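Hello,

Here is the structure for you to look at. My notes on it follow below.

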Amino acid sequence: MNISFENPDKVNGLLTLTIEKDDYQADVEKALKDYRKRANIPGFRPGQVPMSMIKRQFGTSVKVDVINRMLGEKIYAYISENKIQMLGEPLPNLEKQQELNMEGDGPFEFVFDIAVAPEFTITLDGNDTIDYNVIAVDDDIVNRQVEMFQSRNGHYDKVETYDPAQNDMLKGDLRELDAEGNAKEDGIVVEGAVLMPEYIKVDEQKSLFDNAKLGSVITFNPKKAYEGNVGEISSLLKIDREKVETMESDFTYLITEVSRFIKGEVNQELFDQVFGKDVVTDEKAFREKVAEGIKAQFDVDSDYKFLLDLRAYAENKVGDLTFPDALLKRIMLNNNKDKDQKFVDDNYDASIKELKWHLIKEQLVVANGIKVEDADVKAAARETARMQFAQYGMTNVPDEYLDNYADSLLKDKKNVDNFVDRAIDRKLVVALKSVVKLNEKTVSMDDFNKMMQEK
C-alpha cells in the first residue's frame, strides 16, 4: 500500500492511496469464510457450500466492503499521524480518479481531494483590551421581578363592575342578531364565552364595555372589534374559519361573570414559594435575594456579550483567511443531499464565518489548557434545566429534580453536543477574562438590550 499527499497551495490537498492485492486479500478470505459458515443455499447443508460458489456470488461485494473499510482507516490514520487539519470529509477527485474495475485484482488507485484549514496563529494577552458590560441591577428591575412573582402567585376575584384599567376578564352569553337587531333564528349562540375587552383592537367597539356591570347586555360587532382577525373571531364564536369571511352580524353579550386578577401579596407565603420555606423571612431580605438572582442572570448575559465581543475582536485580529472555497462548496453540497447548489451559494459565506470562528476558538482552547469533563457537561445540562424551570416561576427546584431532568436531556446526542459547546464557551470566557484587559462598563438593562439587538 502506498499513500502520498500533495498540498501546493496549503489549503487544497490531494491524497493518493494505492491498494495492492496483498493489502486486502487476507481480510477478504476471512470474510468469505464467515459467509460460508452462515450461507443458507438450497441443496447444501450450512457450512458445506463450496468456496468456489461463495467467491462467485459474494467475492466482489466482499472485496469492495473490505477495501472501503481499509480506505477509511488508512486515510484517517494518515491525516492524524501527519497532523493535517482536514475540513469536512475527503471527496473523490473529479479529474484524476479513474473508473475502477473491482472484479479484478488491482492495484486500485484512489485519489481524494482534502480541504485543509488555513494556517494562522492567534494569541491573546494583557495587551488585548475587550469590553465587558456589567448590567446594573436597580430598584426598578427588582420591582418588576417582584411584581412578576406576585402575578404568578395571584388569583381572580369576582367583582360587580368591569374596569378597563384592571384588564378584567368577562364571561357571558353571545347571541347573533339579525338586521333589525333581534335575536336571529338559528343564529350563533355561545354560552360561557370568555372575553377580555382590553384586547379588542377598535376603540369604538372596546368602549362599549366600559363600566359594564354583572347582568349588562352589550351589543357589539366581533368582526369590527377584531378587525377581521379570522383566528380570534373563529375562537370567540366557535365557528369554522371559512364562515368568518361572511360573518357581518352584531351580537349581544350578556355578562354573567366579571373576574379581576389580584396580584399576590408580598408576604411570607410569597417568600416561601419563590425561595423555599423560611429561606427569607422579611421583605428586605426577599428583595435582596431577588436582586442576587437577577445579578446572577445578568452575569451570564454579560459573559455571553463578552464572548460575542471576544469573537469579533479575535476575528479582526486574525484578518482574512484563505479557504478552499470550491472544495468546501462540494463538501457542503455532499452533506446536504436534499438541497441544491443555490442553497450552498446562499449559505456558504455564513458557513465560512462560523468555520473561521471555530478554528480560532480551537486555538484559544488549546492555548488556555481548557478541557471539558463529564461534570462540565452535566453542569451545562443542569443550568438548562434550571432556566427552563425558572421560566415557569419555579426558582427553588430541588437538586434531585434538576438532576433527573438534566439526565433526561443528556440522553439525546444533539443535546450533549450543545452542552459540550456551552461548557467550552463558559470555560473559555472564564479563562480569557483573566488573560485580556477588561474595559469594564456599567450599563442599564435597556442599553444592554439595545446593544444585543445590534448584534
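Two strands count as paired if DSSP finds at least two bridges between them. Strands (E, at least two residues) and helices (H or I, at least four) are DSSP runs, numbered from the N terminus. This is a predicted model, in which local features need pLDDT of at least 70 and side-chain atom pairs count only at pLDDT 80 or more, while totals for chains, interfaces and linings use all residues. Residues are numbered from 1 along each chain as its sequence is written, and side-chain values use heavy atoms, with hydrogens and water left out.

The sheet

β1 and β2 (residues 12-19) pair in the antiparallel sense over 5 bridges. Isoleucine 3 stands opposite leucine 17 in β2. These strands belong to an open sheet of 4 strands with antiparallel pairing, in the order β1-β2-β4-β3. Its edge strands, β1 (2-6) and β3 (86-92), each pair on one side only.

The cores

A nonpolar core here is a set of buried Ala, Val, Leu, Ile, Met, Phe, Trp, Tyr and Cys residues joined through side-chain atoms within 4.5 Å. Buried means under 20% relative accessible area, exposed over 50%, and partly exposed in between (1.4 Å probe, protein chains only). The largest nonpolar core has 35 residues, and those touching the most other members are Leu87, Ile122, Leu310, Phe323, Leu328, Ile360 and Leu428. Two or more residues each come from β3, β5 (129-135), α9 (283-318), α10 (325-335), α11 (341-367) and α14 (413-433). α11 gives the most, with 9 residues.

Contact means heavy atoms within 4.5 Å. Leaving aside neighbours within four places in sequence, phenylalanine 323 is in contact with residues including Val11, Leu87, Leu328 and Leu359. A second, separate core of 27 residues includes Leu15, Val62, Val66 and Ile75.

Two helices

α9 and α11 pack at an angle of about 90 degrees, with their axes 10 Å apart. Axes are lines fitted to C-alpha atoms, for helices over the stretch in contact, and angles run from 0 to 180 degrees between N-to-C directions. Angles under 35 degrees count as roughly parallel, over 145 as roughly antiparallel, 65 to 115 as roughly perpendicular and the rest as oblique. α9 and α11 are therefore roughly perpendicular to each other. Among the residues making the contact are Leu310 of α9 and Ile360 of α11.

A loop residue

Aspartate 163 lies in the loop between β6 (155-159) and β7 (169-176). Aspartate 163 is partly exposed, at 26% relative accessible area. Leaving aside neighbours within four places in sequence, aspartate 163 is in contact with Asp168 and Arg260.

Regards
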